[in-house]
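Please keep the sequence and the structure in view while reading.

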Amino acid sequence: MAELIRIEDPTDPRLADYVSLRDVQLRRHLEAEHGFFIAEGEKVVRRAVDAGYPVRSFLMAERWLEGLSGELAASPDAPCYVVTEDLAEQVTGFHVHRGALAALERRALPPVDAVLEGARRIVLLEDVVDHTNIGAIFRCAAALGMDAVLLSPRCADPLYRRSIKVAMGAVFSLPWTRLDDWYDAVPALEEAGFVTIALTPDPEAQELAEVVDRGTNGRVCLILGSEGPGLSARWLHSAQIKAGFAMAHGVDSLNVAAAAALAFFVITRD
């Protein structure tokens, strides 16, 4: 059982992992330097522990102890800092309305080959830098039956607190990794046997549903770019197929997470 430690001082150094959780720059530096991430909320904490991430510590209000008793029992070497909700807000910088937080150790990312092993339908993201979009894409990918996610080097961190929260822990169940080679990523996936499909609002692009209906040999890689700029010219022109969706009422594009969800539904409907 995790040791319960009640803390009344918001400046207690033992709470350092939880300081200023909304300060993105600080959190990037702190979490990268010490190799951990923050899970927020009872369900997300439970899913992180169930996925086997080692727990550094828990931070929670008294009323959440019973609900997470199993996770506390599974982490006997991790302290559980018990605080009031007001003190949690002072430390984290926001109202922790879900009541429970945990700091967990990061694991080394798997190689691309390991992530692709046995995968049929994957998504490749280029420079999607918004944490909310990353989380939403992971959640949709898991829910709609995608097999894996690959990220370009500049994509936002799927293990950032906001990403995890929006994904509802899907980042723990869906295989993913980052690419080392951005330039040749798309041709390499084609060589690995995937039909590479770049999603684009270009009016000359093919309708995605029609592409899928004609057949893709069972292995598909959907490629999505960042908000605004979209895919780079290199990735767009490296893809075997450029596809999109017919739109109405003068709308020329969708939010990347919305486009991803629609595309996942189309290619997994079989």
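## A β-α-β unit

Strand β6, helix α6 (residues 131–143) and strand β7 form a right-handed β-α-β unit. Right-handed means that, with the strands pointing away from the viewer, the path from the first strand over the helix to the second runs clockwise. Helices (H or I, at least four residues) and strands (E, at least two) are DSSP runs, numbered from the N terminus.

This is a predicted model: local features need pLDDT of at least 70, side-chain atom pairs count only at pLDDT 80 or more, and totals for chains, interfaces and linings use all residues. Residues are numbered from 1 along each chain as its sequence is written, and side-chain values use heavy atoms, with hydrogens and water left out.

## Strand β6 and its partners

Two strands pair if DSSP finds at least two bridges between them. β6 is joined to β7 (residues 148–151) by four bridges, and the two run parallel; here Val123 stands opposite Val149 in β7. Five bridges connect β6 with strand β11 (residues 220–224), also in parallel, and Arg121 is opposite Val220 in β11.

How many residues of strand β6 are buried? Five of the five (residues 121–125) are, so the strand is largely enclosed by the rest of the structure. Buried means under 20% relative accessible area, exposed over 50%, and partly exposed in between (1.4 Å probe, protein chains only). In a regular strand the side chains alternate between the two faces of the sheet. In β6, Arg121, Val123 and Leu125 point one way, while Ile122 and Leu124 point the other way.

## The cavity

On a 1 Å grid over the protein atoms alone, a cavity is a set of points where a 1.4 Å probe fits but cannot get out, and a pocket is an open set with protein on both sides within 12 Å along at least five of seven lines; lining residues have an atom within 4 Å of a point. Grid points are joined across faces, edges and corners, and a volume is the space filled by probe spheres set on the points.

The whole structure holds one cavity of 30 Å³ or more. The largest cavity has a volume of about 40 Å³. Its lining includes Leu59, Met60, Val83 and Glu85; β3 (55–60) and α4 (85–92) are the elements that give two or more residues to this lining.

## The largest pocket

The largest pocket has a volume of about 350 Å³. Of its 19 lining residues, Leu199, Thr200, Pro201, Ser253 and Leu254 lie nearest its centre. β12 (241–244) and α11 (256–268) each supply at least two lining residues.
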